[in-house]
Amino acid sequence: MKILIIEDEEALADSLKIRLEGKGFEVEAVYNGEDGRDYALLGVYDLLILDVMMPEPDGYEVARQVRAKRCGTPILMLTAKSGLEDRIQGLNAGADYYLTKPFDTRELMACINALLRRQGNQVDELTMGNTSLDLSACMLICGEKRVRLSSREFDVMRFLLQSKGSVLSKETILARVWGYESNAVENHVEVYVGLLRKKLGSIGSNIKIEAIRRLGYHLEVEETC
């Protein structure tokens, strides 16, 4: 599970990141609203933890912009503003839960787990053609055949399936799967696409990862005669 923390207090963001990584989550932290919005819209995260009191855009505006782009990732808002009107504003902006500072770590974890369970109940697999990606087991399934994916293979395959056939550039895949600050290069994308093609072929999938010259990759369902 991937979590994005958007918090301008770097010490708090880094402390939360360490705590959540200790619970087994994969976590990234950014320290301003603009970066937070851009990262969130990549769509790779299972949960956004969003501070309200940031320089423009503040957390309310980030939530509104994310929701305006039809990004349905659950949002947990963190703020010292505990008034009723503040909570209403946060929920109306698109937050799923509103947690006031200071908070107990146990309460934070309970909120996170509740939001992730809700998300998991909504979507536990992605399907295209004759093939499904089991999001809980990290496995590609085609009929009776199945193959387990590595963590990175899983992230690339999930992104391709979520794109619903849209063309994704190598730069976009790198940003979403490896992160903006990674030293990974386009060749990494090519390597993992090659690995996925082999695994799709091994289970008889009719999904093909097609390369579009100078544009990137997209999924196609191979038509049978």
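1. In this predicted model, Trp178 makes contacts, once its neighbours within four places in sequence are set aside, with Arg152, Val156, Ile173, Ala184, His188, Val189 and Tyr192.

2. Trp178 is also listed, together with Leu140, Met157, Leu161, Ile173, Ile209 and Leu219, among the residues with the most contacts inside the largest nonpolar core, which has 28 residues. At least two residues of this core come from each of strand 6 (125–128), strand 8 (139–142), helix 6, helix 7 (170–178), helix 8 (186–202), strand 10 (207–212) and strand 11 (216–221), and helix 6 gives the most, with six residues. A second, separate core has 21 residues, including Ile6, Leu50, Met54 and Val62.

3. Helix 6 (residues 151–162) also holds Glu153, which counts as buried because its relative accessibility is 4%, where the cut-off is under 20%. Not counting residues up to four places away in sequence, Glu153 touches Arg148, Tyr192, Leu195, Leu196 and Lys199; of these, Leu196 is 43 residues away in sequence, with a C-alpha to C-alpha separation from Glu153 of 6.7 Å.

4. In helix 3 (residues 59–68), the buried residues include Gly59, Tyr60, Val62, Ala63 and Val66; viewed down the helix axis, the buried residues fall within an arc of 165°, so they line one face of helix 3. The buried residues of helix 3 pack against strand 1 (2–6), helix 2 (33–40), strand 3 (47–51), strand 4 (75–79), helix 4 (84–93) and strand 5 (97–100).

5. As for the ends of helix 3, a side-chain oxygen of Asp58 lies within 3.2 Å of the backbone nitrogen of Tyr60 at the start, whereas Arg70, with a positive phi near 65°, follows the helix.

Note on methods:
Residues numbered from 1 in each chain as written. Predicted model: local features only at pLDDT ≥ 70, side-chain atom pairs only at ≥ 80, totals over all residues. Heavy atoms only, no water. Helix = DSSP H or I, 4+ residues; strand = E, 2+ residues; numbered from the N terminus. Buried < 20%, exposed > 50% of the residue type's maximum accessible area, 1.4 Å probe, protein only. Contact = heavy atoms within 4.5 Å. Core = buried A, V, L, I, M, F, W, Y, C linked by side-chain atoms within 4.5 Å. Arc of directions from axis to C-beta. Polar contact = N/O pair within 3.5 Å; in protein donor to acceptor, adjacent residues only side chain to side chain.
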